[in-house]
Amino acid sequence: MKCALVTGASRGIGRAVAIQLVKDLQLHILINYASNDAAALETKSLIEANGGTAELLKFKVENAEEVKNVLGEWINTHPDHQIEVLVNNAGITKDNLFPWVTESDWDQVIGISLKGMYNVTQAVIQKMLRSRKGRIINMASLSGLKGVPGQTNYSAAKGGMIAATKALSQEVAKRNITVNAVAPGFIASDMTSELDESELKKMVPANRFGQPEEVAHLVSFLASEKAAYITGEVININGGIYG
Ligand code: NAP
């Protein structure tokens, strides 16, 4: 069975990506999330309402032991399932001006957004390499390209993710595995719900925040056969704010 693993798929962009991958590519979806069981189950119901199948894989992406125990174990016990698409989407923000960024806030943001990509990709890539087929899509951010004041930790994590995307893409291209990053600007989700959209949208040439579904269409294209010759790219999706 062909599968897609989407980290942070219980809400927001990850949920929209999971649903789009079902609609476009009919993949069995592994819904990863950290703690919100109700939201993850809702994603599963939405996938099923779209004629797809899914299961929940609850683990914290930054925790190497948990990733091994839950994802590694799932891979070992499902030899007939192939994760062909991995979307490293889980991410958090802990914004503050640099002098007030605590070590814990630094470590959490880097841990989830950057080390999480390492942990999860390590678990999945061996089988991709053996089967000579795979798509890895990393959810970066405008912050990782431009650098955003008040987000040194998040900019560092996303910038690191972009550099890792470029490096890994060159390692695995011969095996028909593409590795790309998507860099959204302001997207309406729980992550941005506290922001003043009416004020911030003035910075965006398109004069609005993007929708998770708009990001999901881009990810789904990168995951498709049509995108076979695109690798090592960082694709902006930001309403013209930066590019
Ligand atoms: P969101 O609505 O806050 O959702 C975050 C998702 O990540 C949830 O499914 C959450 O699971 C999961 N998650 C959090 N910590 C996790 C962990 N330790 N392990 C596994 N999963 C974890 O965020 P979003 O706006 O959809 O953002 C998704 C991605 O896009 C992030 O990487 C973010 O940095 C990036 N991004 C977002 C924007 C934006 O404007 N929204 C812009 C640029 C980039 P639970 O439900 O269990 O908490």
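Student: How many residues of strand 6 are buried?

Tutor: In this predicted model, a residue is called buried under 20% relative accessible area, exposed over 50% and partly exposed in between, with a 1.4 Å probe and protein chains only. Strand 6, residues 177-184, is mostly covered, with eight of its eight residues buried. Helices (H or I, at least four residues) and strands (E, at least two) are DSSP runs, numbered from the N terminus.

Student: Which residues lie on each side of strand 6?

Tutor: Ile-177, Val-179, Ala-181 and Ala-183 are on one side, and Thr-178, Asn-180, Val-182 and Pro-184 are on the other. Both faces are covered.

Student: In which sense does strand 6 pair with strand 5?

Tutor: Two strands pair if DSSP finds at least two bridges between them. Strand 5, residues 134-139, pairs with strand 6 in the parallel sense over six bridges. Within this pairing, Ile-136 stands opposite Val-179 of strand 6. Strand 6 also pairs in the parallel sense with strand 7, residues 234-237, over four bridges. There, Ala-181 has Val-234 of strand 7 as its bridge partner.

Student: What is the phi of Arg-132, and where is this residue found?

Tutor: Arg-132 has a positive phi of about 55°, although it is not a glycine. Arg-132 is found in the loop between helix 4 (103-131) and strand 5, and is partly exposed at a relative accessible area of 45%. Asn-176 has a phi near 65°, again a positive value in a residue other than glycine. Its place is in the loop between helix 6 (152-172) and strand 6. Asn-176 counts as exposed, at 52% relative accessibility.

Student: How many salt bridges does the structure hold?

Tutor: Side chains of opposite charge can pair when their charged atoms come close. The term salt bridge is used for a side-chain nitrogen of Lys or Arg within 4 Å of a carboxyl oxygen of Asp or Glu. The structure holds eight salt bridges. One of them joins Glu-48 and Lys-44, at 2.9 Å from N to O. Both residues lie in helix 2 (residues 37-49), four residues apart, which is about one turn of the helix. Glu-48 is partly exposed at 40%, and Lys-44 is partly exposed at 23%.

Student: Which parts of the chain does the pair of Lys-133 and Glu-225 link?

Tutor: Lys-133 forms a salt bridge with Glu-225, and their closest N and O atoms are 3.9 Å apart. This pair links distant parts of the chain, 92 residues apart: Lys-133 is in the loop between helix 4 and strand 5, and Glu-225 is in the loop between helix 8 (212-223) and strand 7. Lys-133 is partly exposed at 30%, whereas Glu-225 is exposed at 56%. A further salt bridge joins Arg-208 and Glu-214, with the closest N and O atoms 2.8 Å apart. Through shared partners, salt bridges also join Glu-84, Lys-133 and Glu-225 into one network.

Student: Which residues come nearest to the ligand?

Tutor: A residue is near a molecule or strand if one of its heavy atoms lies within 4 Å of it. Of the 33 residues around the ligand, Ser-10, Ser-35, Asn-89, Tyr-154 and Ser-189 come nearest. A side-chain N or O atom of Ser-10 is 2.6 Å from an oxygen atom of the ligand. For Tyr-154, a polar side-chain atom lies 2.5 Å from a ligand oxygen atom. In the side chain of Lys-158, an N or O atom is 2.9 Å from an oxygen atom of the ligand.

Student: How many aromatic pairs are there?

Tutor: Rings of Phe, Tyr and Trp (its six-membered ring) pair if their centres lie within 6.5 Å; planes under 30 degrees apart count as stacked, over 60 as edge-to-face and the rest as tilted. The count comes to two aromatic pairs. Phe-98 and Trp-106 form an edge-to-face pair, with 6.5 Å centre to centre and 85° between the planes. Phe-186 and Phe-209 form a stacked pair, with 5.0 Å centre to centre and 10° between the planes.

Technical notes: Residues numbered from 1 in each chain as written. Predicted model: local features only at pLDDT ≥ 70, side-chain atom pairs only at ≥ 80, totals over all residues. Heavy atoms only, no water. Polar contact = N/O pair within 3.5 Å; in protein donor to acceptor, adjacent residues only side chain to side chain.
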